[in-house]
Structures are given as structure tokens and as C-alpha cells.
Amino acid sequence: MVLEGNPDVGSSQTLDLQHPGNKGSFILSSPGEDALPGEEPIKYGELIVLGYNGCLANGDKGRRRSRLALSRRPHANGVKPDVLHHISTPLVSKIGRSTENMIDFVVTDTSPGGGATEGPSAQSTISRYACRILCDRQPPYTARIYAAGFDASSNIFLGERAAKWRTPDGLMDGLTTNGVLVMHPAGGFSENSAPGVWREISVCGNVYTLRDSRSAQQRGKLVENESNVLQDGSLIDLCGATLLWRTPAGLLRAPTLKQLEAQRQEANAARPQCPVGLSTLAFPSPARGRTAPDKQQPWVYVRCGHVHGYHGWGCRRERGPQERECPLCRLVGPYVPLWLGQEAGLCLDPGPPSHAFAPCGHVCSEKTARYWAQTPLPHGTHAFHAACPFCGAWLTGEHGCVRLIFQGPLD
């Protein structure tokens, strides 16, 4: 099925999928081109890919990056349904590839705790044409999300197995093979946020309840009192990668990288000590990157929250390679290094780094930790798991996070 569009409406951003071998990725287009000399570009918002903690493993380069800014272009390029074609034989032309000028950003599939999916065996589950975002060019710059993306000829192609149907007004509508899911948080993305309900978005932007499984032929029920308008904190899941939408106003409430660095220095200035080894602990600089833990790196027992320096005692190998017994409270559980969360846009507030996700050890404020620990993220065909937003690791334990217990210097 092809929907041919009129290019004279609005300003659109399109998500698409590229298959370099078996490695999957989706592509966001089109760019917010530079403003005229002396003018500030108008930013519609930013998309933050969950699981990368501020930067891709190999660095943000060109169109591959973990944070995507959407800005107003000089000329509108939006589309709307215009002409319908039924095609019995799939087109053989290579469309929607990342080499086309309309493509701006490429984001690979994300594996839990491991960042981008790598290797020849990695099979993408994101639809080749994932979704598009259309933004109003005038205030308040409302952003709306739609399933499936247009190619360079303003055409939409849905897979042969994708659900599709004719609407009462005569237009065709449909869903991508594995679906585009959206969740709007209750109370906005703030200190009082709570997770909302996951819905599926159609090609025409209609909202439906979830299918029985991601690729089921039968669509869910139409939800008439909900819309496809993105809000600050809306989550977009493409069955392989999850993105967080932040508005410019919302980002003004988020901590800055400068604030996060000040919190790191303040925590180190308190000179926390290992309660057994009595060595001084310190969070490493983000510029160092996440490689092997530093010798002063804080480690935590994720069941109790007691923070220590690294040591080799208390192993309980019969329960797993990372299982250790805390020498202070005797609880047995994972023992992992602590890493500060560096993607400020994922934080609900600028609170101090007091909590860590279990079992990965990423550190953030209490309200940020508790929000993500109670937010189920789609996984596979019909499963949901809470995950660390900084690395994508599935959360474990009763609460998914733990309050950190530091010991101050004895002097």
C-alpha cells in the first residue's frame, strides 16, 4: 500500500529504518536547517534515545547520535494523504536509505544493558519505515507523531504483513509491522510524574489500544479521547529502540551538564570512605569515559545500598559471579561499581545523586530513580520491563533502585 502525499503542508520529521546486513537502525529526517544569519533557530524539541547515557559507545558522529534536536527549517516540507495506490508487486527501488539527503539521524537497535546491538547476528525488529513527527511552524509548535515514514518521493510503504484498513472518510490507515507505541506520563515530566498507559499510533495518527502482540494482524480498539500530540516526557517505542521526547520548556527544568558536574565534585569533596578498607572514594570524571572502574571508584551492594571501595571478599559464587555478602549487614546480592547518570534530559529534577538503579549501578536523584523504576518499557512481542534509562539494563529487586549509604571520613 502506498500513500502519496502533498508536500505543501506543515513541517515534518520522519523516522525510517536501514538494514546494513542484519544490523538494524532507524533514521530520523528531516533536519532543522540553520536559521538566517543573526537569527536563533527555533527548536521544536529533542528526542533522547534511552540506553546510551549521553553519548554512543563510539561517540556521536554525523547522523548517528544519542540525542536528536528537531528545529524549524526555512521552508515547510510536511505531507498529508492525497492519492492511494495498491501495488501487487513490491517496488525494487532502494528507498529510505540513510544515504538520501532527506535522512538526518540514524539510531541502531538497543540491547538491554549493552547499548547498540552489534555483530552479524543482530536482527533488527524496528520497521523499515518506523514513524514520522510533524511539528507546527507557529507557537506553541505542537508536535504530532504518526506511524510509518515517507520516502524522498513523499510515499508511504507498509509491509505486506502490516495491518491496514479503510477509514469511514475513505482514507487508508494502517500500522507498521511491529508497531509504534507511545506513552504520555501523567502529571507531565516533573517531580510529580507517574507512568501513563501505552498506546499504538497509526499511519494517520489515530490512537489505539495495544494489539495482542506487536505484529498481530488485528488492530486494537480506537481511543477517541486521546491524541497523537507529544508531551514533555512522552516515550516512543519502535520495538528495538525507545526515545524520550523533551520540549524546550521541559529541558529548562532539567539539570544541566554543569550542574551534574558540580554534584559530582560536591560528592567527592565530602570524601566518602570505604567502611572496611577506610580508603577514600571518588566518582571519576565523565571525560574519562566508562571503561574499567577506577581504583577509587565507589562500589555498592545493590540489595542494601552500602557503598564500599572494591574488595575481593564475601564472594558467594554458588549464587552467581557477582553475588557478594555485605560485611556491614550480611545481605547477599550483586556488588557493582557506581556510575553517575550523564544524560541530563532523562532526569526529572536536579536533585542530588542519592539513588542507584539495580543491578547496573547508575546513579541519579531519588525522584528520577523511582519514576523510571516504575515505568514499564516494551520488550519483545508483548512483554514489559522497567529498565535503567542510562544503559537499558532491566531492573531487578523489589523496588528496582536503592538508596545509597555512604560513610563519611572518620576525621
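In this predicted model, the largest nonpolar core contains 27 residues, and of these Leu-235, Leu-244, Phe-357 and Trp-372 touch the most other members. Strand β15 and helix α3, which spans residues 366-373, each supply at least two residues of this core, and the largest share, four residues, comes from α3.

To see how one of these residues is surrounded, take Leu-235, whose contacts, leaving aside residues up to four places away in sequence, include Leu-181, Val-182 and Met-183. Leu-235 also touches Leu-244 and Trp-372, both of which are among the core residues that touch the most other members. Apart from this core lies another, of 24 residues, with Leu-56, Val-180, Val-207 and Val-223 among them.

The next step leads from the core to the strands. Strand β15, residues 181-183, pairs with strand β18, residues 235-237, in the antiparallel sense over three bridges, and within this pair Val-182 stands opposite Ile-236 of β18. In general, the strands of a sheet pair through backbone hydrogen bonds, and they may do so in either a parallel or an antiparallel way. Here β15 and β18 belong to an open sheet of seven strands, in the order β5-β4-β19-β18-β15-β16-β17, with antiparallel pairing. At its edges are β5, residues 67-71, and β17, residues 207-208, each of which pairs on one side only.

Asp-169 is found in the loop between β13, residues 164-166, and β14, residues 172-174. Is Asp-169 buried or exposed? Its relative accessible area is 61%, and because a value over 50% counts as exposed, Asp-169 is exposed.

Cys-135 is buried, with a relative accessible area of 0%, whereas Cys-55 is partly exposed, at 35%, and the structure holds zero disulfides.

Finally, consider the confidence of the prediction. The mean pLDDT of the chain is 80, and 73% of its residues reach 70 or more. Over residues 1-35, however, the pLDDT is below 50, although this stretch has 179 contacts in the model beyond near neighbours in sequence. Residues 117-121 also have a pLDDT below 50, and that stretch has seven such contacts.

Key: Residues numbered from 1 in each chain as written. Predicted model: local features only at pLDDT ≥ 70, side-chain atom pairs only at ≥ 80, totals over all residues. Heavy atoms only, no water. Pairing = 2+ DSSP bridges. Core = buried A, V, L, I, M, F, W, Y, C linked by side-chain atoms within 4.5 Å. Buried < 20%, exposed > 50% of the residue type's maximum accessible area, 1.4 Å probe, protein only. Contact = heavy atoms within 4.5 Å. Disulfide = S-S within 2.5 Å. pLDDT = per-residue confidence, 0-100.
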